[in-house]
Amino acid sequence: MDPSDHEEASVLYSPGREPKIVPNINVNVRKETRWTFWLITAGISTTFGAAVPTGYNIGVINAPANVIKNWCNETIFETYGTVFTEGNLETFWSAVVSIFLIGGVIGSLGGAWVADKLGRKRSFLLCGFLLFIGGLCFQFCQTLSSVELLMIGRIVVGLAAGLTTSTVPMYLTELAPLGLRGALGVFCSMGVTGGVVVGQVMSLEEVFGTEDHWQFALSFYVILVVMFFVPYPWLPESPKYLFVIRRRQDEAVNELKRVAGKKVREEYVREQIEAMRRECTPENDEEMCGDGDSTTEKPKERSIWSVLKDPTLLLPLVLVCALQGGQQLSGINAVFFYSVSIFESVGLSSTDAKFANLGAGCLNLFVAFFSPIMMAKFNRRFLALTSCAMCALFLFCLTFIVYFIDDVEWFSYASIVAILLYILFYQIGLGPIPYFIGSELFEVGPRPAAMAMGSLASWGCNFIVAMLFTTLQNAWGAFVFLPFSCTCVALTLLLKVYLPETRGKHISQIVPLVAKGFSSKPLETGWTFRLVALGLITTLGASIPVGFNIGVINAPSEYIKQWSNETIFQNYDVQLSDDALRAIIAAIISIALIGGVIGSLEGAYLADKYGRKKSFLFCALLLTAGALCFLSCRAASSVELLLLGRLLVGLASGLTTGVIPMYLAEVSPVKLRGAMGVLCPLGLTTGVVVAQVASLEQVLGTADHWHYALSCFALLNLFCYAFYFWIPESPKYLYSVKGDQVGSLRAIRKLFGRHSIGDDYIKLQLECANGQSRQSSNGNGRSSDVDCQSQESRSFCSVLRDPSLSLPLVLVCALQGGQQLSGINAVFFYSVSIFESVGLSSAAAKFANLGVGCLNLFVSLFLPILMARCDRRTLSLLSCSSCAVILFILTLSIYFIEMVSWFSYICIGTILLYIIFFQLGLGPIPFFIGSELFDLGPRPTAMALGSLSSWGCNFIVGMAFPTLQSFWGAFVFLPFSITCVLLTVLVKYYLPETRGKEITDVVKKVSNGFRSRIAEARGIVTATPRYRPCTPCFLKMSFIALIIPVC
């Protein structure tokens, strides 16, 4: 059951001590998560009455700055007879702007005291009163010719702003039921964002930003304050504040019922009262909360000093302050400031650039409108991590682009895209979450002080950025964005390690997770240092070198052709014709594919005979030997060494794709099996991109250095294999294949520590027993013995003849072969000519193709997250069907490209979309799906056959595509589209969902062969045998036809 469906515990809080967990009484009472009238009214009133005016005062001051400065200069001269120099006037104006931020700092510090003494509702009233006073000062400062009134108004609205950001999110989250806490908590951030945009609009010269009307621009928000404070007398006070802080039980119950609505269930009310009663219990556990008549007990209030001294509050306080301060240090205000000059660099006038900047603000607001939905549907931790990581990436890209903006013409447009993407990802996490995360990490007692400290960090960092950005920009230029990028990286690491998931959880479930300070472990993700290191070592030591050898050979092929011609003439006195030279190059390229086929066939034998770990070592030896051949072939003047090296790395490639995904899947916990399994395809994609960079003429792709380009992967290879003896063997292999119980326990201890040995050891026993029982029932094995007997390895013939393995074997071979027959390599090959058709030179088209490869790599970086959170079946269906449609559109676009000029851009768009959707499913899933469909016994053989299908189809595409392209032209992509359609049908009917499932459960679902029927109904996957004479035969014949050329 989802944790949001019931409360499991509450906490007795005692300062200086760890929280004491007390179970709830009614754990099965349903949460009331309806939107009620007073909940909506409170949200709208606080948003438009306080949050929007706060944002308004942030955004309104910039546009009319010159007009207000001139008025200040004239007024000071008339009043005091003093004329400011330009420097003094700028200093004075900086004081007018920054005094608002100082007011925000002071208001934040006072927020804790105000929220506890006056209550949450009256704090909102105080915000409105200060905003109203500030608006009056703005309205009459010009009439009274008083610069002092302008300064007073700015500091007063600054006080209101600091008070708003520290108390309003707390008020709303305390009113909201558990299921709506995040949705209501983002109202404040959404209001601030909307207020900034409204302030920018009202301060335009076409509205109020003129010499005669700027005071109306500054005070216009007062209308909102007056309108939305009308319902204030009827707004509810926070029930938690009344019950826990003020100990007014009867009032709290009445307010709780009013907020929850007339249809509230009595069980829900009793549960909330019980939870608040336990939370308000003072340090002495026997002293209970008052009954409504007694108000003499000391309220459970916490000062800022007591919160700072409490070690159990250290980590949540750091998280709140880091998020609120990091929100400002992530550079959102700097990006908006810099965007005007970027818009001017693409040819916009100064006025148009300001309107374009306003459009960027509108994008920020548009994304903010979706915040309530995202907070209700997505985890806080996931959104925060995604936002911080992507903001770091786009800020780094923006630094690089702005630095070279004068050298590359289209970089101006790239900078605009980077800014818009930064704003988009900022608003999904860094924008809204810091405002209310404190209400989800702290109990009612320390909550006001913690929210005040967070708001103080926010306004303080805002002040620092405002004071330093212009100076740093003049000194550092484009590199001014690097500190902001580093801040986002630091936030990502902090949140990754220490931020617990708070969505749908009661505060009593969250507080213990962060009560031990930096020794806390908020998430038991299953990742351990040894497991991560194993994934990195296998990826860097095998997968990336394999991908490197796939991508490195194309760019320097002309130099290799010339060297081969000269070497053969020198050694054998034979002058080769052009056709013979092309045949030599074809042999050099294709012999690696032949090696991949052979390596795939041998993978099953090596994995069973010597183990997964030693197979990994064998990959290393082959790769190192191949690199030595590449390095010495030029010095030895030997084409044979070059061919031998290509064959050796081909053998290593086939072995890697058959063994490494199986090795990683077997050492992983069930919930991390997909995330670890995609490390192999991620490494292949990375290796291809690295190879394309290394083989450029500007790097090593020259006539004198191409052999270094071919062999430089060996450095990475040798470095990773220095740690070979430190990594463990697969525990499942040791136990189930070798029968080595002691060795399997030792391997589990290395991977996960002693605490998880029992559970993992039992799973090994069960999988061994289940596998043996199936072998025995099929006549392929001996009787099962759970304690010590091992599963026998399966030969190719036994696997192919076993009817219970026919469906999973077809699935693995079809997916691995279909991965190549879906046309990914053909699309990359064809994209260069498409880029040339839109006007790029040959060299620029190659760089653009490299950019496409980088997009492929960029999408693949998200694969571990996707595999951990999304179903394999859904991703496969989405990927196959989308690729089929996109390839069909690409065919039509290329066919009509000469008739319609802008079809070239359609082709580019379809190529980019194809790569994205390919990498969502067809790219990663085929590599490891065999490890999730087969028991340990037949698994190596099945993985070997799948790898054989992949390399065989790769060879077919490599040999046939140029010929088919010359005959069919644009229609060469139709067979790839048809392959994707067939894969979609096969996956739809026969691929079971494997994410989070034990292997034994998955095997049962596909053991009936093509009579199996995988059905999904309301998230439940079932398998019911059903005879379907047409579809299975059709699919069987279709995919056998695909695999016949390989066999």
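A disulfide is a pair of cysteine sulfur atoms within 2.5 Å. The views below come from a predicted model.

**View 1. Cysteines without a disulfide.** By the rule above, the count comes to zero disulfides. C629 is one cysteine to look at: it takes part in no disulfide. Its nearest cysteine sulfur belongs to C633 and lies 8.3 Å away. The cut-off is 2.5 Å. C629 is buried, because its relative accessible area is 8% and buried means under 20%. C397 has a relative accessible area of 28%, so this cysteine counts as partly exposed.

**View 2. Helix α24 crosses helix α30.** Helix α24 covers residues 529-551, and helix α30 covers residues 679-694. Their axes come within 6 Å. They cross at roughly 50°, which means that α24 is oblique to α30. The crossing is right-handed.

**View 3. The contact of α24 with α30.** From α24, the contact residues include G535, T539, S543, F548 and G551. From α30, they include L679, C680, G683, Q692 and A694. What kinds of residue make up this contact of α24 with α30, nonpolar, polar or charged? The residues divide into 11 nonpolar, nine polar and no charged.

**View 4. A lysine in helix α2.** K69 lies in helix α2, which spans residues 65-80. Is K69 buried or exposed? K69 counts as buried, because its relative accessibility is 11% and the cut-off for buried is under 20%. Which residues does K69 touch, leaving aside its neighbours within four places in sequence? K69 is in contact with L89, E90 and W93.

Technical notes: Residues are numbered from 1 along each chain as its sequence is written. This is a predicted model: local features need pLDDT of at least 70, side-chain atom pairs count only at pLDDT 80 or more; totals for chains, interfaces and linings use all residues. Side-chain values use heavy atoms; hydrogens and water are left out. Axes are lines fitted to C-alpha atoms, for helices over the stretch in contact, and angles run from 0 to 180 degrees between N-to-C directions. Helices (H or I, at least four residues) and strands (E, at least two) are DSSP runs, numbered from the N terminus. Angles under 35 degrees count as roughly parallel, over 145 as roughly antiparallel, 65 to 115 as roughly perpendicular and the rest as oblique. A crossing is left-handed if the near helix is turned anticlockwise from the far one by less than a right angle, and right-handed if clockwise. Contact means heavy atoms within 4.5 Å. Ala, Val, Leu, Ile, Met, Phe, Trp, Tyr, Cys and Pro count as nonpolar, Asp, Glu, Lys and Arg as charged, and the others, Gly among them, as polar. Buried means under 20% relative accessible area, exposed over 50%, partly exposed in between (1.4 Å probe, protein chains only).
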